[in-house]
Protein chains: 2
Amino acid sequence: MTVEAARTLRDEDLTGLAELAAQLRVDAIRCTTMAGSGHPTSSLSAADLLAVLVARHLRYDWSYPGNPGNDHLILSKGHASPLLYAVFRATGAISEQELLETYRRSGSRLQGHPTPVLPWVDVATGSLGQGLPVGVGVALAARYLDRSPAHVWVLCGDSETAEGSVWEALDKAGHYGLDNLTTIVDVNRFGQRGPTELEWDLDTYRRRVEAFGCRAILVDGHDPAAIDEAYGQAREAGGPTVVLARTVKGKGVPEVENDPAWHGKPFDPELAERAVRALGGSRRTIRVAGPRPPAAPRATAPQTGQPELPRYTRGAAVATRDAYGDALRALGAARPDVVALDGEVSDSTRAERFAAAYPDRFFQMFIAEQQLVAAAVGMAVRGYRPFAATFAAFWSRAYDFIRMAGVSRADIALVGSHAGVEIGPDGPSQMGLEDIAALRAVPGSTVLCPADAVSCAALVAQLPDLPGVTYLRTTRGAYPVLYDDGEPFPIGGSRVVRDGGDVALLGTGVTVHLCLAAADELTREGIDARVVDVYSIKPVDRQRLVEAVRDTGGRLVVVEDHYPQGGLGSAVLETLADLGQPARVQHLAVRGLPGSGTPTQQFDRAGIGVSAIVSAARRLA
Amino acid sequence: MTVEAARTLRDEDLTGLAELAAQLRVDAIRCTTMAGSGHPTSSLSAADLLAVLVARHLRYDWSYPGNPGNDHLILSKGHASPLLYAVFRATGAISEQELLETYRRSGSRLQGHPTPVLPWVDVATGSLGQGLPVGVGVALAARYLDRSPAHVWVLCGDSETAEGSVWEALDKAGHYGLDNLTTIVDVNRFGQRGPTELEWDLDTYRRRVEAFGCRAILVDGHDPAAIDEAYGQAREAGGPTVVLARTVKGKGVPEVENDPAWHGKPFDPELAERAVRALGGSRRTIRVAGPRPPAAPRATAPQTGQPELPRYTRGAAVATRDAYGDALRALGAARPDVVALDGEVSDSTRAERFAAAYPDRFFQMFIAEQQLVAAAVGMAVRGYRPFAATFAAFWSRAYDFIRMAGVSRADIALVGSHAGVEIGPDGPSQMGLEDIAALRAVPGSTVLCPADAVSCAALVAQLPDLPGVTYLRTTRGAYPVLYDDGEPFPIGGSRVVRDGGDVALLGTGVTVHLCLAAADELTREGIDARVVDVYSIKPVDRQRLVEAVRDTGGRLVVVEDHYPQGGLGSAVLETLADLGQPARVQHLAVRGLPGSGTPTQQFDRAGIGVSAIVSAARRLA
C-alpha cells in the first residue's frame, strides 16, 4: 500500500527535519573526504530516513545506551557508517572533532563499518544481509522474553535484499508476528557496480515482502512528512513492517546524484566544498533529542544460579548429544537467561529436552541456519545466553554470520552434533569435517569437544559465563562415561585418561575412545601409551602438551575425526611451535572423501581407527 | 494458478504410472530396511512425482549419461536417495541387487545422500537448499551458453524452502527467465522434527514463488494425471516454473502416513513386509524408458588454447587483483569454456575486465554469494570452467556451498580479493582473515596466494585444467612485480625470492613483500635471511620446506595476513610434522581483532609488520 503523506507535521517540524538531514549529509561528506575513503553517496540517500527516525520515532536515551527501554537502531547497510556517525554527532553522543578527525583512522572506534566498540551499536555490520536477521533476534527477545516496549528499527540497503538471509529474516518476522520490528529499505537503485536487480521496482519489493508475511509501506524517501507517517504506522501496525523508501543515491549533491559511478568513493576536497556549500555549509550544530524511552525493567538480571547437572555412571554408554540436551535443560532450570534455538533438528541435537521443559525460551528457526545464528546474536544483544544447535556440518551454512558474531564479540554458544565420519552411513554431506577449522578461525572463539557425558555436561554448565562465540561438538553415538560426576573440566584444560610414558595419544571427542582402545593394544605389545582427552581445542592446554612432550621424548600421536587441515592437529602443532617444543607428531585425520558405512568402518577407512593409531604409535617407538 | 488435470492420459498410462510408483515405493522401503537406516517416508511422498517425471517427461538416455541433450534431474532433497536409487533401478541403470545389498554400505556408490560418484548424479545433495541453486547454474549454462534443449528438473522438499538460498535461486531463475528450469516441491508438510512452518499452505508458497518471478502450478502430488499435465505446462512455459505438489509423507503405507514421528526412520522388517505386501509385493520388475533426448551437439569441446597472458615489468607496482582481471580476460580469449561470475563487486575484483570483453560468458548473481557458488557448480556440471570472484571475507557466506562443491568434486575457481588487514580502513567485517583456513579444509581443494602480478597470471592460466575447488587470494594494493614474464609457477610450488642461510622468512601474498623488507633490515644487522614466496598453500611445496629447514638449521619465520588458526602457519607445521622435520618456527599472524587504519598501520598493529618479522628472526638467530 502506498501511504499518502498526511502532512500533519507543522512547517517548523519540516524545516527542522530538513535542517537535520542537511547536517547529516554535510557531516557524512566531511568525514569521508577527510578520511580519504568511505561511502558518502550511500549515506546521502538515507539521510532523510534517519533524520526523521532519530528526531521523531526512535525512543532512545543517548546518555544511557544500556537503558532497557531504548529502541534499537541497526544499520544493516553498514557501509553507510558516515551517516550513522553523523547521527551520533547530532545526538551529542560523539563530538564533531571525533567524527572528523578519527573516522576510519587507526585506533578509532569510528571504524569503516560499525562495530559494538561503540556503545550505541548493537552488532557489527558491513557484511550485507545480516543486520535484519539480527534485528529479528533482538525483536524476538524484546517481545517474547522481555515483553519490552522497545522497538527495533533496521536500515537496509536495497542491494542486500538479494541475500537469501533477508528473506529468512522476513519470513521469521512474519511467522512470529514481530510487531516491534520495522525494516527500512533505502531503495536508491544502485549497488556497488551498477543498477540493482530490481532498481526502483518498488511494487515487486512490496509483493515479496507481503508474500513473506510482512506489511509493506511505500514512501518517497526524501519526503519527511511521508516518512514520518510511515514510521508512525509501522509502530502501530499489528505485525512487522517494511518501509520501502524510494531514494536517490547521492541525494543533495547534484554533481553525483543518481550516478552509479560514485559508489564507495569519497569526494575530493573541492567537490566536498562545493557540496557542503550547496547544503548550507558546515556551521550547523543541530542537536537532536528524539523521544525518550518509556520506563522499562532491566531486561535480564545477572544470573548466578548453579545448575543441577545430570548424573552419569562411569562406564555407561552415553552420547554426548544426550548429555548436551540434559545439561541444557538443567541450565534452563537454574538460569532464566538461558534460551535455546533450533534449526529443525532438535530431536537429533537433543535440544528438544530444553524445549519440552522451557517452551517459552525455545525458538524454532526452521531450516535457516543463517537466521539461527543471527537470532542468537540478537538475543545476546538483549542480555540472554543463547544456545543454538544443529548438525556440525550445517554451521558452515552460517559461517559468515558466525564470523561477524566474532567481530561483534557476541556471547553465544553454538553446538554441532553429528560430526565427522562417526555418523556412519549418511555420507559426507552430513559430516562436519571442517567445523573445528572454521570455528577456531573466528576471533575470540572457544572450541570444545568433550569425549564423555560428564565432561560435556560440565562444559555446557560453564558456557553462559563464557565471553564470545563458543562452539561445542557432540557425538552422535554412545560411548563409555570416562569421568565421575563433579570432576572439574575448566575451559582450556585437558585430562590424562590413561598414563604412560612411551608415547602420548591425543584425542578429542570420539577419538579419545579410539585412543584408549589403541592404548590397550599397545600395552600388549609392551608400549606404554598415555591417552590425553583434549576436550578444549581452543584454548588448548599448553601445560599438558609440554608435559606430554617431556615425558614421552616428544612422541605424540594426534587423532581427530576431522579433515587434516586446521583442526586439533593444527592446534597442537601451532602451540608446540609457539612454545618452542620440538616433537615428533604423527597426525591422524580424515584423509580423502568419506562415503557410507558403519562408524567403525568409517574410522578404519579414514585412517583414524584403532589399528591406524597403533601403527602410528609403533612408528614413533 | 491451480491446474485442473485434463486427464488426457489413457487408462493404461495411469495404471502403468501407478505400478511404477508402487515399485519405487516398494524399493525405497526394502533398501532402507535392509540398510537399517535412511528415509523411507520422505521417499514415499515423492514417488508419484518422480514416476511421472521419468516415465513421461525426463528426456534422458540412461545408457549415456554424458549425452549433452539429456535433461538434468537434481534431487535437492537428497535424503530421499532411496527414491532416486529406486528410479535408477527402474531405468536399468543399477540392478535390484546393487540397490538392496549395497545401499548405505561401506564402499558403495549408493551413499546415504547422492554424490556424483554415480554417473547419473550431477551434484552432491543432502545439505538442503542447494540442489535448486545449482539447478539454476545448470539451466543458465544450458540456455545461455549451450543453447541446449536440455531441461533441468529439481525435486525439492518443502522444509528446505526455509533456506534463503532457495529464494536467491528463484530470484535468479526469474531474473534470467529460465524457461528450462522446473522446480518440483514435495509439500508433505513435515520436516524432521514436526510440521513445517507453512504446512500445506500452498497459497502462501504460490504467492512467494510468483513474487520472485516464477510461475506456480499447484497439484495433488499423488494424482498422476495432474502431475503429468503440470510437467507438460512447465516445459512449455515461457519462464521458470515451480510445481507445488501437495503430498502425504509416507504415502502408500497407512501405518505411517502423515505421521511426523516417522522422519528418517527405516521400517522394521515386519512393518516393511506389511507395507510391501499392501503395495502389491516385491515381484514387480517394471523397466521404465522415458522419452529420449533430442540430438544435441556436445556442450563444450575440450579446450586447449594457450592464453596470451598480460605482461608486467619487474619492479612495477601492480595489485594481483588487476593481474587476475587481466589474466582472466586473456583466458577468455583462448578458451571459450571459461566463464565468469560476479556477486556485485566485479569492479573491485577486476572481473569486470572479463565482463567487458566477453559479456555473453559473464553472469551477475548480485549480492548472493551462495547462488554465486551454486551457479559456478552448475556451469561446471555442463563442462564449463567457472571463475567466481568476490571479497575474500564473503566466501564465508557460501561456505556450505563450497564444502558441498568439494564433495561434488566440482571443478570451479573461487577468487577472493580484499583479504586480510591489507585492505586498510574498512574494518574487520570486510577482511578475509579466515578464508585460507576455511578453504584448506574443503576436500580436494587447492589454495593459492600469489605475491605478484606475474605469478598471479601464471596461476590463473593453470586453473581451467585443475580438478576440484580452487581458491585464489588476491591483493587489494599494488606491490612490486617480483618475477619475469614466462617464469613457471607450478601448483604446489614456491619460489625463493631472496637467498640466505641464517633464517628463512616464509610469506604468502602481501607478506612476501613484508618479508623482503625485513630481510633488507636483517642484512644490515648481519643476518642473512632467505625469503620464500609460498604462493601455493595447498598443496604446499614440501621440498622447499625441507631445504629451508636444512639450510637454516631449522630457523623459520612464517608470516601471514590471516588469523593464526588454520592458515599458512598450520600448512607449514602440518607438513613439517608429516615429514618428521623438527624446526623452530616463529609464526606471525593477525592476533586480536583489527579495526581501521592504513595498511602499514594495520600490519604493525596485527603483529605481522616488518619490525615484527625482524624481531622474530632475531629471536631465532
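In chain B, five strands line up as an open sheet in the order β14-β16-β15-β18-β19, with mixed pairing. This is a predicted model, where local features need pLDDT of at least 70, side-chain atom pairs count only at pLDDT 80 or more, and totals for chains, interfaces and linings use all residues. Residues are numbered from 1 along each chain as its sequence is written, chains are lettered from A and ligands numbered from 1 in the order in which they are written, and side-chain values use heavy atoms, with hydrogens and water left out.

**The five-stranded sheet of chain B**

- β14 (495–498) and β19 (584–588) of chain B sit at the edges with a single partner strand each, so one side of each has no neighbour in the sheet.
- Strands here (E, at least two residues) and helices (H or I, at least four) are DSSP runs, numbered from the N terminus, and two strands pair if DSSP finds at least two bridges between them.
- Neighbouring strands of this sheet are turned by 25 degrees against each other on average, direction ignored.
- Strand β18 (residues 555–559) of chain B pairs with β19(B) in the parallel sense, over five bridges.
- Across that pair, B:Arg555 stands opposite B:Arg584 in β19(B).
- Helix α22 (residues 610–620) of chain B lies across β15 (503–507), β18 and β19 of chain B, and runs at about 165 degrees to β19(B).
- For such angles, axes are lines fitted to C-alpha atoms, for helices over the stretch in contact, and the angles run from 0 to 180 degrees between N-to-C directions.

**The seven-stranded sheet of chain A**

- Chain A has an open sheet of seven strands, ordered β8-β7-β9-β10-β12-β11-β17, with mixed pairing.
- Its edges are β8 (362–364) and β17 (536–538) of chain A, each with a single partner strand, so one side of each is left without a neighbour in the sheet.
- From one strand to the next, the twist averages 20 degrees.
- Strand β11 (residues 446–448) of chain A and β17(A) pair in the antiparallel sense over two bridges, and A:Leu448 has A:Ser536 in β17(A) as its bridge partner.
- Helix α14 (residues 369–381) of chain A lies across β7 (338–342), β8, β9 (385–391) and β10 (412–417) of chain A, at about 170 degrees to β9(A).

**Helix pairs**

- In chain A, the axes of helix α1 (residues 11–35) and helix α3 (residues 47–56) come within 9 Å and cross at roughly 120 degrees.
- α1(A) and α3(A) are therefore oblique to each other; angles under 35 degrees count as roughly parallel, over 145 as roughly antiparallel, 65 to 115 as roughly perpendicular and the rest as oblique.
- Residues of α1(A) including A:Leu17 and A:Leu24 meet residues of α3(A), among them A:Ala51 and A:Val52, where contact means heavy atoms within 4.5 Å.
- In chain B, helix α14 (residues 369–381) and helix α15 (residues 399–408) pack at an angle of about 20 degrees, with axes 8 Å apart, and are therefore roughly parallel to each other.
- B:Gln370, B:Val373, B:Ala374 and B:Val377 in α14(B) meet B:Phe401, B:Ile402 and B:Ala405 in α15(B).

**How the two chains relate**

- Chain B can be laid on chain A with an RMSD of 0.0 Å by a turn of 180 degrees and a shift of 0.0 Å along the axis, which is the relation of a two-fold axis.
- The copies are superposed by least squares on the C-alpha atoms of residues with pLDDT of at least 70 in both.
- The same surface serves both copies, as 100% of the contact residues of chain B recur in chain A.
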